[in-house]
Amino acid sequence: MSKTIAICNQKGGVGKTTTAVNLAACFAVFEKKTLLIDIDPQANTSQSVGINETQEEDIYEALVLTENPEEATIERLSQIIKPAAPECKLELLNILPSSPGLAKLEIELVNAMNRERRLQRLIKAVEVNYEYIIIDAPPSLNLLTINTLTAANSVVIPVQCEYFSLQGVAELLNTIKLVQNNLNTDLKIDGALLTMYDSRNSLSRLVAEEVRKNFPGKVFNTVIPRNVKLAEAPSHGKPILLYDIQSAGSQAYMKFAEEILEIANG
Ligand SMILES: Nc1ncnc2c1ncn2[C@@H]1O[C@H](COP(=O)(O)OP(=O)(O)OP(=O)(O)O)[C@@H](O)[C@H]1O
Ligand SMILES: [Mg+2]
């Protein structure tokens with residue numbers, strides 16, 4: 001059975017995309033068949049694995065297809081799912097890309113039947129092909145995020161080690177609770193992941209302490225350091241492992257992936 005992990009936080013720029021891309025790449029390197037789903041119209045995840053806007057179909061068309069489960073077959077959806085770009089060649093990594101056009105789906109779905117369950121349907125149709133499915137959510141608590149939380153088995157919440165980073169976390173936890181009560185009773189919180197940590201900066205240490213207070217027992221041991229290589233890698237269309245395997249960012253995401261695998265298996 002496959003496991004679906006959502007990377008969620010409605011706060012912008014906290015490291016969701018960096019975490020989704022690099023976690024998925026680590027899984028692929030660990031020989032797990034992995035699907036990375038970009039459900040953010042910004043399409044940063046797609047660009048980070050070398051897929052730039054094309055005229056081809058993407059997650060928008062895939063989600064439109066799910067209106068009618070008979071049309072959303074594994075064969076049809078597999079035509080939309082792609083291998084990562086050649087420069088990011090990881091045999092076991094596939095991507096369901098996004099593009100700015102996805103933004104219109106939000107409006108189109110307002111009165112649609114099963115509007116919260118479209119991504120769940122999509123994943124159910126293709127999950128036999130994968131061990132892990134990682135979803136990069138957009139920076140908002142909109143219908144795309146509700147679809148993400150409804151489709152997932154668990155959530156990882158990246159929290160940036162900066163002053164305002166805990167703002168909005170209560171709202172996110174409320175949304176998760178609403179989804180657990182109404183749409184996805186089995187949804188679990190895997191934990192909060194501290195990102196962009198700078199050990200020379202006392203604010204980083206303070207925020208880390210504050211996050212540990214807010215999520216008792218639910219903060220990953222791995223802390224992602226601020227590392228310029230992590231910021232550079234997307235411009236080369238590569239996950240950090242393929243850009244600079246020795247970097248602190250690479251080592252941290254590998255440790256994080258191991259921690260997630262322990263949770264999944266334990
Ligand atoms: N550990 C890190 N060290 C250095 N830079 C980082 C790190 N993590 C992320 N960044 C950079 O910070 C910026 C925001 O990161 P990212 O795009 O992953 O956040 P996000 O939460 O997905 O943003 P959005 O809310 O817009 O989707 C990017 O430029 C990224 O390259
Ligand atoms: Mg992002």
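Biologist: Which element gives the largest share of the shell around ligand 1?

Modeller: This is a predicted model. Of the 20 residues around ligand 1, those that come nearest are Gly12, Lys16, Thr17, Thr18 and Pro139. Two elements give two or more residues to this shell, helix H1 (16–29) and helix H10 (228–232). The largest share, three residues, comes from H1.

Biologist: By class, how many residues of the shell around ligand 1 are polar?

Modeller: The shell around ligand 1 includes three charged residues and seven nonpolar ones. The number of polar residues is ten.

Biologist: How is H1 oriented towards H12?

Modeller: H1 and helix H12 (residues 248–265) have axes 9 Å apart and pack at an angle of about 75°. Angles of 65 to 115 degrees count as roughly perpendicular. Therefore H1 is, relative to H12, roughly perpendicular.

Biologist: How many charged residues has the contact of H1 with H12?

Modeller: H1 contributes Asn22, Leu23, Cys26 and Phe27, while H12 contributes Tyr253, Met254, Phe256, Ala257 and Ile260. By class, eight residues of this contact are nonpolar and one is polar. The number of charged residues is none.

Biologist: Does threonine 45 count as buried or exposed?

Modeller: Threonine 45 lies in helix H2 (residues 44–48). Beyond four places in sequence, the residues that threonine 45 touches include Thr17, Ala20, Val21 and Asp136. A residue needs 20 or more other C-beta atoms within 10 Å to be buried. Because threonine 45 has 28 C-beta neighbours inside 10 Å, it counts as buried.

Note on methods: Residues numbered from 1 in each chain as written. Chains lettered and ligands numbered in written order. Predicted model: local features only at pLDDT ≥ 70, side-chain atom pairs only at ≥ 80, totals over all residues. Helix = DSSP H or I, 4+ residues; strand = E, 2+ residues; numbered from the N terminus. Buried ≥ 20, exposed ≤ 12 C-beta atoms within 10 Å, placed from the backbone. Contact = placed C-beta atoms within 7 Å. Near = placed C-beta within 6 Å. Nonpolar A, V, L, I, M, F, W, Y, C, P; charged D, E, K, R; others polar. Axes fitted to C-alpha atoms, helices over the stretch in contact; angles between N-to-C directions. Parallel < 35°, antiparallel > 145°, perpendicular 65-115°, else oblique.
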